[in-house]
Amino acid sequence: RFALAKKVFAHTAQYDGAITNYFTALGDDRQHATRSAYPDTLNLHYTKVQDMRYGENPHQSAAFYRDVVAVEGALANYRQLQGKELSYNNIADADAAWECVKTFDGAACVIIKHANPCGVAVGADAAEAYAKAFQTDPTSAFGGIIAFNCELDGKAAEAVAKQFVEVLIAPSFTADARQVFEAKQNVRLLEIPLGGATNGYDMKRVGGGLLLQSPDAKNVQLAELKIVSKKQPT
């Protein structure tokens, strides 16, 4: 009975919270009310996926939560094919890699180290994209997070396997690629379906409050770039 009570109260709270978000986003004049993207009262609801062994640092506790309504193409939809349990930092860095790589139309590879890209490249296929990304900064690529926006085949897998990698992400892995990493069981392989959806909000916690903004989903076009130096690049 207690388990069912928790379930029904959580479900009711999510329902009432959604209604509150909707109504408090409307102006007081209901005849001409326009809906704001930022309600006066904001209720957020997530479902816990797992407790983490620790947070960003060993002295911090942590847990990973997923949106109640799945976001298409988001990291939270991952399926882990092999490897050790994901850490807090693994998930944070993997999200940075995945959000970056899925913005490209052609075959692309992104290598992330400590939440920063140390290699981003496009190529004719996964292997070429990886080779170019790795050449950007081979030293920093050691122990990083690598993400592809295309299927990882055996050729690309063999190249990636030559370096130490914490997490490897792709929409799918061929049987040959899976076989390459069978000998490296500590490597975390994440399979994530591609999708174009974004989070409703980009959130940043501050002391005693929360900053919300729309997601940074803009891709800068070549025509928007302005060269301000006297030396003009090719």
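Helices (H or I, at least four residues) and strands (E, at least two) are DSSP runs, numbered from the N terminus. This is a predicted model, in which local features need pLDDT of at least 70, side-chain atom pairs count only at pLDDT 80 or more, and totals for chains, interfaces and linings use all residues. Residues are numbered from 1 along each chain as its sequence is written, and side-chain values use heavy atoms, with hydrogens and water left out.

**Second largest pocket**
- A pocket is an open set of points on a 1 Å grid over the protein atoms alone, where a 1.4 Å probe fits, with protein on both sides within 12 Å along at least five of seven lines; lining residues have an atom within 4 Å of a point.
- The second largest pocket holds about 310 Å³ of space, a volume being the space filled by probe spheres set on the points.
- Its lining has 17 residues, and Ser-87, Asn-89, Asn-90, Asp-93 and Glu-166 lie nearest the centre.
- Helix H2 (88–101), S4 and S6 each give two or more residues to this lining, with H2 giving the most, four.
- The lining comprises seven charged, six polar and four nonpolar residues.

**Nonpolar cores**
- A nonpolar core is a set of buried Ala, Val, Leu, Ile, Met, Phe, Trp, Tyr and Cys residues joined through side-chain atoms within 4.5 Å; buried means under 20% relative accessible area (1.4 Å probe, protein chains only).
- In the largest core, of 28 residues, Ile-146, Phe-148, Leu-152, Leu-168 and Phe-181 touch the most other members.
- Helix H3 (126–136) is among the elements that give two or more residues to this core, and its five residues are the largest share.
- Another core, of 21 residues, lies apart from it and includes Ala-76, Ala-94, Val-101 and Val-110.

Note on methods. Buried means under 20% relative accessible area, exposed over 50%, partly exposed in between (1.4 Å probe, protein chains only). Ala, Val, Leu, Ile, Met, Phe, Trp, Tyr, Cys and Pro count as nonpolar, Asp, Glu, Lys and Arg as charged, and the others, Gly among them, as polar.
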